[in-house]
Amino acid sequence: RLVLRWGYARGLMDAHELRELTAFAVESAQLAGAFTLGYFNAGTPHELKADRSPVTAADRGAEERLRKRIGDAYPDHGILGEEYGETTGNGRARWILDPIDGTVSFICGVPLYAVLVGFEYDGEMVAGVIHLPALGETVWASKGQGCWWNGRRAHVSDTRTLAQARLCTCGTKLLYEKGRGAAFERVREQCLLDRGWSDAYAYALVATGRAEIVLDPVMSIWDNAACMPCITEAGGSFTDWNGIATHRANEAMATNGALLEPTLAAIRG
């Protein structure tokens with residue numbers, strides 16, 4: 001079997017090693033995505049987990065494939081996934097997986113779902129992949145090496161005023177249920193438009209300059225992990241609703257960077 005051994009296992013990580021690891025992550029996400037397409041728009045049944053979120057055979061099968069591929073190549077690495085929890089590694093490296101981000105979209109036949117693969121080292125997100133199988137799009141990034149979109153360099157937009165900003169949300173009902181309705185409305189009122197382009201797709205839009213702001217009142221680490229490096233390496237900001245840069249919060253806000261402070265000011269009222 002293939003076993004990749006890197007300098008960072010000894011506490012080091014150079015640019016070449018990180019490029020190789022990111023290429024592996026991209027390929028892994030794309031292979032898992034190809035698997036999910038066999039279930040997409042095919043009448044795939046779903047069930048509800050304990051937290052009332054839906055899950056399908058595609059979610060579980062995709063994560064199983066990701067785990068096996070990572071385990072074969074990086075046997076000492078930890079893995080945290082939405083469907084199968086955490087496997088502790090022997091070092092400072094951990095993969096964070098969401099085999100289908102946007103399972104509701106997937107079930108409904110909406111092609112905006114994603115496979116998310118993030119790589120964390122010493123607690124920091126240093127690489128991430130947002131793969132959109134049904135759209136044929138992949139956004140990926142690694143620390144210090146920029147963000148890429150289907151092979152070309154990706155950048156956030158240069159919009160500098162909320163009046164010209166495109167705002168993405170998960171839907172207003174959830175925002176109000178989580179007590180964020182008033183703050184959202186203050187941001188929305190100042191923006192050019194708002195759209196329900198949700199889940200990881202929204203973060204891919206910000207990273208590639210097709211939207212400027214995402215507001216999510218409910219997130220998990222596997223939702224955040226891959227998106228954070230994509231946004232930041234594209235020149236944007238990925239924070240909680242207080243402006244703290246983190247992938248561990250139970251909420252998230254992304255901007256093109258220039259609009260971070262204006263968005264925070266609107267949230268605070």
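At what angle do helix H5 (residues 181–190) and helix H9 (residues 260–268) pack? Select both helices to see: the angle is about 130°, and the axes lie 7 Å apart.

Before going on, note that this is a predicted model, in which local features need pLDDT of at least 70, side-chain atom pairs count only at pLDDT 80 or more, and totals for chains, interfaces and linings use all residues. Residues are numbered from 1 along each chain as its sequence is written, and side-chain values use heavy atoms, with hydrogens and water left out.

**Stop 1: the helix pair**

Stay on H5 and H9. Helices (H or I, at least four residues) and strands (E, at least two) are DSSP runs, numbered from the N terminus. Axes are lines fitted to C-alpha atoms, for helices over the stretch in contact, and angles run from 0 to 180 degrees between N-to-C directions. The angle of about 130° makes H5 oblique to H9. Here, under 35 degrees is roughly parallel, over 145 roughly antiparallel, 65 to 115 roughly perpendicular, and the rest oblique.

Now show side chains. Ala183, Arg186, Val187 and Gln190 of H5 meet Thr263, Ala266, Ile267 and Arg268 of H9. Contact means heavy atoms within 4.5 Å. The residues of this contact comprise four nonpolar, two polar and two charged. Ala, Val, Leu, Ile, Met, Phe, Trp, Tyr, Cys and Pro count as nonpolar; Asp, Glu, Lys and Arg as charged; the others, Gly among them, as polar.

**Stop 2: the sheet**

Select the strands next. An open sheet of eight strands runs in the order S4-S3-S5-S6-S7-S8-S9-S10, with mixed pairing. Two strands pair if DSSP finds at least two bridges between them. At the edges are strand S4 (85–87) and strand S10 (152–154), each pairing on one side only. Ignoring direction, neighbouring strands are turned by 20° against each other on average.

**Stop 3: strand S3 and its partners**

Zoom to strand S3 (residues 78–81). S3 pairs with strand S5 (residues 93–101) in the parallel sense, over four bridges. Gly81 has Leu97 of S5 as its bridge partner. Ile79 stands opposite Trp95 in S5 and opposite Thr87 in S4. S3 and S4 run antiparallel, joined by three bridges. They form a hairpin with three residues between them.

Is S3 covered on one face or both? Both: Gly78 and Leu80 on one side, and Ile79 and Gly81 on the other, are all buried. Buried means under 20% relative accessible area, exposed over 50%, and partly exposed in between (1.4 Å probe, protein chains only).

**Stop 4: two positive phi values**

Most residues other than glycine have a negative phi. Go to Asp122, in the loop between S6 and S7. Its phi is positive, about 55°. At 46% relative accessibility, Asp122 is partly exposed.

Finish at Asp199, in helix H6. Phi of Asp199 is positive too, near 60°. Asp199 is partly exposed, with a relative accessible area of 27%.
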